[in-house]
Amino acid sequence: MSKRNLSIICIVLFLVWGLVFLATDVFGFINSFQQVNIIWAGINVILAVSLNLVVGFTGQLALGHAGFMAIGAYVSAVTTMQFGFPYPLAILAGALVSFLMGILIGLPTLRLRGDYLAIATLGFGEIIRGVLVNIEYVGGAAGINGIPKITNWTWTFVMTVFTVVIINNFIKSMHGKACITIRDDEVAAELMGINTTYYKTLAFSLGAFFAGIAGGLYSHYFFMIQPATFALQKSFDALVMVVLGGLGSVTGAVFAGLGVTFLNAALIELGAFRMVIYSILLVAVMIFRPQGLMGNKELSGKIFDRILPKKGGNDDA
Amino acid sequence: METFIAQILNGLSLGSIYALIALGYTMVYGIIQLINFAHGEILMIGAYVGYYCVAVFGMNIYSAMVLSMLASSVVGVLIERIAYKPLRNSGRLSVLITAIGMSLLLQNGGLIVLGTDYVPFPQVIERVPYHFFGGHLMVTSHQVLIFTVSILMMILLQYIVGYTKIGSAMRAVSHDREAASLMGINVDNVISFTFIIGSSLAAVAGVLLGLYYQTIHPLMGFMPGLKAFVAAVLGGIGVIPGAMLGGFLLGIVEAMVSGYWSTTYKDPVVFIVLIIILIVKPTGLLGKNTSEKV
């Protein structure tokens, strides 16, 4: 990416942050419902991009993302409430515990393939939820209440950009190429000397790490968490965003995360009809565009060359 | 000892319901490699049709079962034709997402059409406790009914798959779809037939679940559907005896955990058992180990 495009992206990001910041915290002409959805958009983008690393780029069908989100949410909530951790440290703690759980769960289960892996990870998500219901320390089925509300637009924005940048760079690195090779042909990757177990576990636990961040953001915005929040439905939601955006496209995952959030917000007054419309749209998209919104293409900084043509040649080539 | 036997009996009757549902999962998976997440919702539709037949039209439970089998089959085939057939040649994930979408659609459509209340299922078969061995062993008439109906269904299924023409066509398609269609088998019809059988079994399971839990609800299908899917994977997905074994095993594990420990632990334990078995035997208990072609 050229220096020029990088600086344009930085300016655009800064403008997005600044405009929303002014609208919410300074002038306050965005109502609370819209603010909730802005936070949700960030959380969903983090979930979609991180799950895309596992499903879209490494080709491992995982259905337990909500479980890792739960770990992040619970650990960060307990560390701020019981141990008085500062907020960034609490988020990091949640993400790290999630990361470690990712290694622990990934090592044995990632030997399984395809649908068997899907059901094993689904099982782990349900186990995490089932165990949380039974731990009195974190409130059992009632969950934790009264978590300090620290997550705001700035934190969400920073975490979201951080996630997208890290995962984007990871995919472009040698490690990311190894993951893509595993997705395309696992046997060939192994024959080429790629340590498939290492990379599958790495991608899986990295995905868990960012899901943990999403959980931390969630718990410190909605100030109450319950095991039921992190049911299978949440994992499905994340998978839906990944597939809608396009397997193997970071930009696609970002757009799908935003799109699904705002679609849900727009349809919320319809009650149960909302889910009916949502599911019909889902099936229709899969039938008419099974590769998802973006396929495996990325929107790169090059788009600015088209929007803002510059003098002289394209130094990006 | 008495709790042990009581829990075994509980587990057998619940497990036989799981086995019925798991059979539908496993057959559909065996033929088009699709985890049909909407299967639990077909069960729910079967339960509601059974309920209307009994409570509104005053039929007896057996004719209600037959009618709910018919209705569920129609829904199952419709789902297959509308949602799954256009995706027959696309990636596994898009089909999986479609199945999740169909499941959400039927759940929420059910909430709109059928209402959000729990409906009491009429207890048409009186709950009679039978005592054996001087009262040490109690079997209820419901358990007997559930168990008998399930076993009859399984025998019928074994007969259809093993000894009829359409059954051997199903086996051929699940073995190699391309070759089967070259041999003149109409693959689309075979797939539809598989959905008919799977949905009928799910409908029976739905009516039996209504009798077992005594209430029905538009979201009642999700959890049993998930458990049955776990049962199918446990036994080796795509293998018919595996689904039965997995269903019974799951039912007994659940009953044991509820009886000796706590009901809140039964779901986590079920999944822990699943993962241990998958780690030891990655294709399930009766699954075939396929070697990978390079």
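This is a predicted model: local features need pLDDT of at least 70, side-chain atom pairs count only at pLDDT 80 or more; totals for chains, interfaces and linings use all residues.
A place to begin is the surface of chain A, where A:Phe83, A:Phe85, A:Leu89, A:Leu92, A:Leu96, A:Val131, A:Ile135 and A:Tyr137 form a nonpolar patch whose accessible area comes to about 720 Å² together. Helix α4 of chain A, which covers residues 87–109, supplies the largest share of this patch, namely three residues. Among the other members is A:Tyr137, which sits in the loop between α5 (114–134) and β1 (144–145) of chain A. With a relative accessible area of 53%, A:Tyr137 counts as exposed, because the limit for that class is set at over 50%.

From the surface one can turn to the packing of two helices in chain A. Two packed helices are described by the angle between their axes and the distance between the axes. Helix α6 (residues 153–172) and helix α9 (residues 196–222) of chain A pack with their axes 10 Å apart and at an angle of about 175°, so α6(A) is roughly antiparallel to α9(A). On the α6(A) side the contacts are made by A:Trp155, A:Thr156, A:Met159, A:Phe162, A:Thr163, A:Ile166, A:Ile167 and A:Phe170, which meet A:Leu202, A:Leu206, A:Phe210, A:Ile213 and A:Leu217 in α9(A).

Helix α9 of chain A also contains A:Thr196, a residue that is buried at 6% relative accessibility. If its neighbours within four places in sequence are left aside, A:Thr196 is in contact with A:Ile182, A:Glu186, A:Ala189 and A:Glu190. Helix α8 of chain A (residues 186–191) holds A:Leu191, which is exposed with a relative accessible area of 68%, and whose C-alpha atom is separated by 47 Å from that of A:Leu15, 176 residues apart along the chain.

In chain B, a positive phi is found at B:Gln33, where the value is near 50°. B:Gln33 belongs to the loop between α1 (2–32) and α2 (39–55) of chain B and is partly exposed, at a relative accessible area of 36%.

The remaining theme is charge pairing, for which the count over all chains is ten salt bridges. B:Glu80, B:Arg81, B:Lys85, B:Arg88 and B:Asp188 are linked in a network of such bridges. Within it, B:Glu80 pairs with B:Arg81, the closest N and O atoms being 3.6 Å apart; B:Glu80 is buried, with a relative accessible area of 0%, whereas B:Arg81 is partly exposed at 35%. B:Asp188 and B:Lys85 also meet through their side chains in a salt bridge, at 3.7 Å from N to O. Because B:Asp188 lies in helix α8 (residues 187–213) of chain B and B:Lys85 in the loop between α3 (61–84) and α4 (92–114) of chain B, this pair ties together parts that are 103 residues apart in sequence.

A further salt bridge joins the side chains of B:Lys227 and B:Asp267, at 3.1 Å from N to O. This pair links distant parts of the chain, with B:Lys227 in helix α9 (residues 222–235) and B:Asp267 in helix α11 (residues 266–280) of chain B, 40 residues apart. Here B:Lys227 is buried at 4% relative accessibility, while B:Asp267, with a relative accessible area of 21%, is partly exposed.

Terms used. Residues are numbered from 1 along each chain as its sequence is written. Chains are lettered from A and ligands numbered from 1 in the order in which they are written. Side-chain values use heavy atoms; hydrogens and water are left out. Patches are made of residues with over 30% relative accessible area and no salt bridge: like charges are joined within 9 Å, nonpolar side chains (Val, Leu, Ile, Met, Phe, Trp, Tyr) within 5 Å. Accessible areas come from the Shrake-Rupley method with a 1.4 Å probe; for residues, only the protein chains shown count as cover. A salt bridge is a side-chain nitrogen of Lys or Arg within 4 Å of a carboxyl oxygen of Asp or Glu. Helices (H or I, at least four residues) and strands (E, at least two) are DSSP runs, numbered from the N terminus. Buried means under 20% relative accessible area, exposed over 50%, partly exposed in between (1.4 Å probe, protein chains only). Axes are lines fitted to C-alpha atoms, for helices over the stretch in contact, and angles run from 0 to 180 degrees between N-to-C directions. Angles under 35 degrees count as roughly parallel, over 145 as roughly antiparallel, 65 to 115 as roughly perpendicular and the rest as oblique. Contact means heavy atoms within 4.5 Å.
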